[in-house]
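Please read them with the structure open.

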Amino acid sequence: MLKRIVLGAAIAAFSLVGCGGPPKEAIDAATKAMQAATTAEAGVYAADAFKAGNDAMAKGAEAVKKSDWDGAKKAYMEAGKQFGEAAKAAPAAKEAAMKDAAAAMEAATKAMDATMKDKMVMAAMKVKGNKLADMQKA
């Protein structure tokens, strides 16, 4: 009888340890990685990895609803990995975008200056042309 009680308690304890519950550490790590990626503006500058992280977070949440702790842990670990990659890639991508924007602004400014110079030349020629026409009339 005692053996059965001890064996039953051991099986119950083993079952509880196996079921555990939601992978809190993986969820917390993924959430922190998501916050870091958001702060780095990864949603804009590393959109693919950021989206993959969000998709993995959704998969993890779905697994938690189904009490699939192993699936949830894997999904949240993948989310953390994707958000981490996004957070690392975002600053360089942002800097490249800023350089591209600065180069585009410089090119636009030069084009505008050239256009204004042409307009000034044309306006000056028009004035000179009018004076010349006035002289010819007289």
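1. Ser67 counts as partly exposed because its relative accessibility is 45%. The classes are these: buried is under 20% relative accessible area, exposed is over 50%, and partly exposed is in between, with a 1.4 Å probe and protein chains only. Ser67 sits in the loop between H4 and H5. Its phi is positive, near 60 degrees, and Ser67 is not a glycine. Most residues other than glycine have a negative phi.

2. Basis of these notes. This is a predicted model, in which local features need pLDDT of at least 70, side-chain atom pairs count only at pLDDT 80 or more, and totals for chains, interfaces and linings use all residues. Residues are numbered from 1 along each chain as its sequence is written, and side-chain values use heavy atoms, with hydrogens and water left out.

3. Glu41 is a second residue to check. Glu41 also is not a glycine, and has a positive phi of about 60 degrees. Glu41 lies in the loop between H2 and helix H3 (42-45). With a relative accessible area of 33%, Glu41 is partly exposed.

4. Overall make-up. The chain has five helices and zero strands. Helices (H or I, at least four residues) and strands (E, at least two) are DSSP runs, numbered from the N terminus. The order of elements is α-α-α-α-α. Of the 138 residues, 18% count as buried. The chain exposes about 10400 Å², and carbon and sulfur atoms supply 66% of that area. Accessible areas come from the Shrake-Rupley method with a 1.4 Å probe; for residues, only the protein chains shown count as cover.

5. Contacts along the sequence. Take contacts between residues at least 6 apart in sequence: 71% of them join residues at least 24 apart. Contact here means heavy atoms within 4.5 Å.

6. Ala49, Phe50, Gly53, Ala56, Met57, Gly60 and Ala63 are buried. Seen down the axis of H4, these buried residues fall within an arc of 140 degrees, so they line one face of the helix. The arc is that of the directions from the helix axis to the C-beta atoms. On the other side of H4, Asp48, Lys51, Lys59 and Lys65 are exposed.

7. The nonpolar core. The largest one has 18 residues, and those with the most contacts inside it are Ala37, Ala42, Phe83 and Ala86. Helix H2 (24-39), H4 and H5 are the elements that give two or more residues to this core. H5 supplies the largest share, seven residues. A nonpolar core is a set of buried Ala, Val, Leu, Ile, Met, Phe, Trp, Tyr and Cys residues joined through side-chain atoms within 4.5 Å.

8. Leaving out residues up to four places away in sequence, Ala42 touches Ala37, Ala47, Phe50, Ala86, Ala87 and Ala90.

9. Gln82, in helix H5 (residues 69-137). Is Gln82 buried or exposed? Gln82 counts as buried, at 13% relative accessibility. Its side chain makes a polar contact with the side chain of Glu78 (2.8 Å). A polar contact is a pair of N or O atoms within 3.5 Å; within protein, one must be able to donate a hydrogen and the other to accept it, and residues adjacent in sequence count only if both atoms are side-chain atoms. Not counting residues up to four places away in sequence, Gln82 touches Ala49, Ala52 and Gly53.
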